[in-house]
Each structure stands twice: as structure tokens, then as C-alpha cells.
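Let us take a friendly walk through one protein model. Have the sequence and the 3D view ready.

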Amino acid sequence: MNQRGWKHFGTRSLPKNTYYQKERAESKEYVGRTWPARVIASVFGVIAVALTLLYNPFFSLQTVSINGVHSVPPETIRTRVAETLNGRRWYIVPRNNIFFLDRGAIRSAIQEFLIPESIAITPEWGNILSIQINEFPVVLYWKEGNNRYSINQHGFITEQIPNSYIVPLGSVIVEDAGRTMTIGGQVMDVQQVRWVLDSAKLLKDQFHLQPVSVVVSRTVPDIVEIRLEYITLTMTYNDTPQAQISRLKVLVDTKPALLTDKARHTIDLRFGEKVYYH
């Protein structure tokens, strides 16, 4: 075929397919008539899925499991957490729904009884809410009136101790009077906690003495009284425990009967090399 023929063939118009044009027109007309129904069906589908996710018992947490807590009865925490799962959020969403769990409210409920180091909240299959609590190690106990509290290494109150709880032998008990005690409140700073623990350890290591209690003065905040079985040591936060206990050692070396005569003595270690006692 010559060049002229090719050109003529390439520019020749093809006949229009009226059948397909008609089908497309009818299709557009059908879509135009049915789109409201499709939108309504989609809306009802979304609502059905939402209702299933919100109210199907399969997605409801029915059982609370508490692990890792020792200082507070687990049942006490379990009951309080279960209360937070009752009712609805935003008037619609069940609080025990696995997809809309309010972890902040659960943590706040737990912290009414203790301030733990960490709380892990994990929904599990089988309608179970698993809560793992890691408690701060208790380093001191605080006695306020007839109530006792545990103190962590940062000086915060972690919980109130039941009256039936027996404080471990050798524990250091701090006493005060008239202080308002709140779970999570700080009653000592880190340095003061360390100072008290270091003082108790030095007395035990050097003299085999165990403090009965440590009394913090509220009128003169720097003064601390460490009460032993027969001796009361008046000390201060403003000097190291090592320096003050070393003065006690010098005194005991010259007057060993102070620790053995079972008489009541008060020894003031606050004033450098001058040690006062009676």
C-alpha cells in the first residue's frame, strides 16, 4: 500500500457504537436513581457495625484480674476498679467496652489506695481486664497518731497500712504529730530519706543498735531525734550521719556504760566536737 493509502486509512473515522452509548446512558440514569438508597444502606451498615462494637457482650470486660499488689488487699482494688467500669461515657459508650477503656480513670482509682511504680492495664480475650501493679519498695514507715503509712525512697506516701499489718523487724519508723497524710503526698525529700536510712545503718553496724523510732521536729525542721531503747540521739539534717555518729563513737569509747547501764540518756550530736548528754 502506498503512502497515500496509509494516510487515508489512518484518518478514516470509525462508525459509532450506538449500543454501548445506550448502555452507558442507562447506567448513569440507574445510578442517579439509586444513590440515595445506597447512601442510606451505607449509613445503616455503619450504625450496625458501631452497635455491634459497642454493645456486643463479646467486647465487654466482665472480670478484673489484679496482680503484683501485696500491701493492699487485691479484692479492695478489684472492687474499686469494677466500679469505674460501670455506667457509660458520653451517655452512650459503656465504660467496660474494650475499645473505649478509660485507663486514666482506672489508674486514679488504684491510686486512691497506693502509689505504685507502674500500672499495666491490658484487656484480654475472654472479657478479662488484667492489671499488673508494680509497687515501689518500702524503705520507711511513718506513724501519725494511730495510723501508719509506707514511704518510698522518694519520700512519698505509697499507702496506709492496715492495723493488722506487722511491720517487718528492723524497719525504721518515723513519727510526727499533726501532719496531714495523703496518699501520694511527699513527707520527706530524697536527701532526708537517705539521711535517715544511713543513720540507722551506721547505728546498727557500729553499735548493734536498732532505732525504735525517728522523730521529725515540726517546729525546728532540721532537728531529728533517733530514739533507741534507752537512748535518744538529737541530730540534724545539716550535718552528715557519718560525722555525727563518729562523735557518738568517741563518747562511747570514753564512757561505754552509756550503752549498757539501761538508764535513760539524751545525747546531742549537733554541735561539732562538743557532745552534750545527760
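## Rings, helices and a serine

Both W195 and Y237 are buried, where buried means under 20% relative accessible area, computed with a 1.4 Å probe on protein chains only. This is a predicted model, in which local features need pLDDT of at least 70, side-chain atom pairs count only at pLDDT 80 or more, and totals for chains, interfaces and linings use all residues. Residues are numbered from 1 along each chain as its sequence is written, and side-chain values use heavy atoms, leaving out hydrogens and water.

The model has 7 aromatic pairs, meaning rings of Phe, Tyr and Trp (its six-membered ring) whose centres lie within 6.5 Å. W195 and Y237 form one that is edge-to-face, a label for planes over 60 degrees apart. W195 sits in helix α5 and Y237 in the loop between β12 and α6, so this pair ties together parts 42 residues apart in sequence. Elsewhere, ring pairs join F58, F59, F99 and W125 into a cluster.

Here are the values for the ring pair and for a pair of packed helices.

| Pair | Distance | Angle |
|---|---|---|
| W195 and Y237 | 5.1 Å, centre to centre | 75 degrees, between the planes |
| α3 and α4 | 9 Å, between axes | about 150 degrees, packing angle |

Helices here are DSSP runs (H or I, at least four residues), and angles between axes run from 0 to 180 degrees. The α3 side of the contact (heavy atoms within 4.5 Å) is made by I77, R80, V81 and T84, and the α4 side by A105, I106, A109 and I110.

Finally, S60 lies in the loop between α2 and β1. S60 is buried, with a relative accessible area of 9%.

Notes
Helices (H or I, at least four residues) and strands (E, at least two) are DSSP runs, numbered from the N terminus. Rings of Phe, Tyr and Trp (its six-membered ring) pair if their centres lie within 6.5 Å; planes under 30 degrees apart count as stacked, over 60 as edge-to-face and the rest as tilted. Buried means under 20% relative accessible area, exposed over 50%, partly exposed in between (1.4 Å probe, protein chains only).
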